[in-house]
Amino acid sequence: MIYKPRHCDIAISHQCMLRCKMCHIWQDTRSFHETNWLDLKAYKKFLYELRDFVEDPFFVSFGGGEPLLNHNFLGILKICQDLGFKSCLSTNAYLLDEDKVREISQAGVNTIGISLDSLDKYTHDYLRGKQGCWDRAMRAIDLIDRYCPDSIINILTIIMGINISEIIYFTKWVYNHPKLDGVIFQVIQKPFNAHVPEEWHILDEYAGLWPSDNNAANLVIDELIALRQSHHDGFKIGNPIYQLELFKLYLMNPQGFIKPRRCHLGDNAIRITWDGHVSLCDEMGDIGNIKDDTMQNIWLSEKADTVKRRIAACDKNCHFLVNCYYHGDSE
Ligand SMILES: C[S@@+](CC[C@H](N)C(=O)[O-])C[C@H]1O[C@@H](n2cnc3c(N)ncnc32)[C@H](O)[C@@H]1O
Ligand code: SF4
Ligand code: SF4
């Protein structure tokens with residue numbers, strides 16, 4: 001029996017207009033000067049070939065960078081919709097004005113995740129490095145509700161030192177918000193695209209990102225678990241309980257954190273960069289490029305087999321799994 005991918009995560013842009021404290025993708029100017037971005041034709045070819053290979057339900061997630069900066073994004077979204085893939089957009093919402101949301105509605109999207117790290121506008125804008133982000137995120141919720149009534153709206157929130165004391169209040173706000181479907185938490189990781197030591201969280205530059213009071217963090221996460229357990233709708237908290245438990249383990253001792261079971265990456269998810277490189281885990285290198293081959297050939301290649309074996313045996317103390325694709329039931 002052939003195991004086929006169920007999920008494709010496309011980093012559709014490697015640019016960003018914000019200046020987030022916890023993510024430095026915006027410092028990567030490489031892609032501004034390169035000409036090897038995938039064009040719409042290349043995405044179309046890839047998605048049609050993928051359709052021939054994978055089965056439903058199949059999920060395509062768009063992230064980056066800021067996906068809305070890719071001027072082919074709406075065309076790509078439309079192709080996904082036409083092919084029956086379930087699409088998910090993660091965005092900082094900065095570009096989501098009325099025209100853009102109407103265009104997204106016409107293309108069709110199943111889920112939109114809006115990043116929002118605080119209900120205090122100054123804290124959110126401080127973290128995102130630009131004024132007006134909070135106002136635009138709030139505006140986006142109303143616009144998506146109005147023009148994309150069939151789309152799920154999730155809030156994506158990073159648990160950090162600076163917002164830990166408001167996380168329960170924040171969760172209750174989402175729960176009581178009639179236009180929001182849920183909140184998905186991530187825990188703060190080493191800032192993305194930043195060349196910092198493993199002990200980055202004790203550096204002054206990142207003060208405030210790491211929740212240094214372990215007890216307080218534990219209590220907050222325990223309360224999230226209790227809210228999730230005690231409500232038939234999970235209190236609109238999208239994270240499974242085993243992932244929330246994992247957050248505690250990681251926050252208690254990031255250097256000592258050990259993944260409880262074998263790494264499941266490579267079982268069913270593929271990652272694609274803005275220039276077409278395919279990988280199963282960033283650390284294990286590429287297994288191909290969608291410009292050169294079909295996903296079926298790449299997934300079934302010897303190179304992919306080798307990487308899948310290395311992933312199954314990987315004993316790295318990897319933080320990546322805390323937030324991404326973690327399935328506690330992996331053997
Ligand atoms: C890299 S962003 C790309 C999508 C979009 N630009 C956005 O901000 O929503 C994807 C998600 O990663 C989160 N993120 C950024 N830096 C992080 C970090 N250091 N640790 C954990 N999550 C982080 C963002 O808040 C966002 O929800
Ligand atoms: S988290 Fe998103 S919005 Fe912030 S810099 Fe990274 S890509 Fe941009
Ligand atoms: S480096 Fe991390 S994500 Fe990659 S295979 Fe090892 S544990 Fe999994």
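Strands here are DSSP runs of E with at least two residues, helices are runs of H or I with at least four, and both are numbered from the N terminus. Two strands count as paired if DSSP finds at least two bridges between them.

A word on the model before we go on. It is predicted, so to speak of local features a pLDDT of at least 70 is needed, and side-chain atom pairs count only at pLDDT 80 or more, while totals for chains, interfaces and linings use all residues. Residues are numbered from 1 along each chain as its sequence is written, and chains are lettered from A and ligands numbered from 1 in the order in which they are written.

Strand 1 (residues 7-11) runs parallel to strand 2 (residues 59-63), and five bridges join the two; alanine 11, for instance, has glycine 63 of strand 2 as its bridge partner. Strand 1 also runs parallel to strand 7 (residues 269-272), joined by four bridges, and here cysteine 8 has isoleucine 270 as its bridge partner. In a regular strand the side chains alternate between the two faces of the sheet. Strand 1 has Cys8 and Ile10 on its covered face, and His7, Asp9 and Ala11 on the uncovered one.

Now to the ligands. A residue counts as near a molecule or strand if its C-beta atom, placed from the backbone, lies within 6 Å of it. Ligand 1 has 18 residues around it, and Met22, Cys23, Ser115, Leu156 and Gln189 come nearest. The sheet takes part in this shell, as strand 3 (86-91) and strand 5 (152-159) each supply at least two of its residues. By class, the shell around ligand 1 holds eight nonpolar, nine polar and one charged residues. In these classes Ala, Val, Leu, Ile, Met, Phe, Trp, Tyr, Cys and Pro are nonpolar, Asp, Glu, Lys and Arg are charged, and the others, Gly among them, are polar.

Around ligand 2 we find Cys16, Leu18, Cys20, Cys23, Ile25, Trp26, Gly64, Gly65, Glu66 and Asn92. That shell divides into six nonpolar, three polar and one charged residues. Ligand 3 is surrounded by 12 residues, the closest being Cys263, Cys281, Glu283, Cys314 and Cys318. Its shell has nine nonpolar and three charged residues, and no polar ones.

Next comes helix 8 (residues 214-230), whose 17 residues reach 24 Å from the first C-alpha to the last, close to the 24 Å expected at 1.5 Å a residue; the expected span is 1.5 Å times one less than the number of residues. Ala217, Val220, Ile221 and Leu224 of helix 8 are buried. Seen down the helix axis, these buried residues fall within an arc of 90 degrees, so they line one face of helix 8; the arc is that of the directions from the helix axis to the C-beta atoms. Asn215, Ala226, Gln229 and Ser230, on the other side of helix 8, are exposed. A residue is buried if 20 or more other C-beta atoms lie within 10 Å of its own, exposed if 12 or fewer, and partly exposed in between, with C-beta atoms placed from the backbone.

Finally, a few backbone details. Most residues other than glycine have a negative phi, and most peptide bonds are trans. Aspartate 56 and proline 57 are joined by a cis peptide bond, with omega about -5 degrees, and proline 57 sits in the loop between helix 2 (40-53) and strand 2. Asparagine 193, in the loop between strand 6 and helix 8, has a positive phi of about 60 degrees. Lysine 236, in the loop between helix 8 and helix 9 (241-252), has a positive phi near 60 degrees. Lysine 236 counts as buried because it has 21 C-beta neighbours inside 10 Å, whereas asparagine 193, with 14, is partly exposed.
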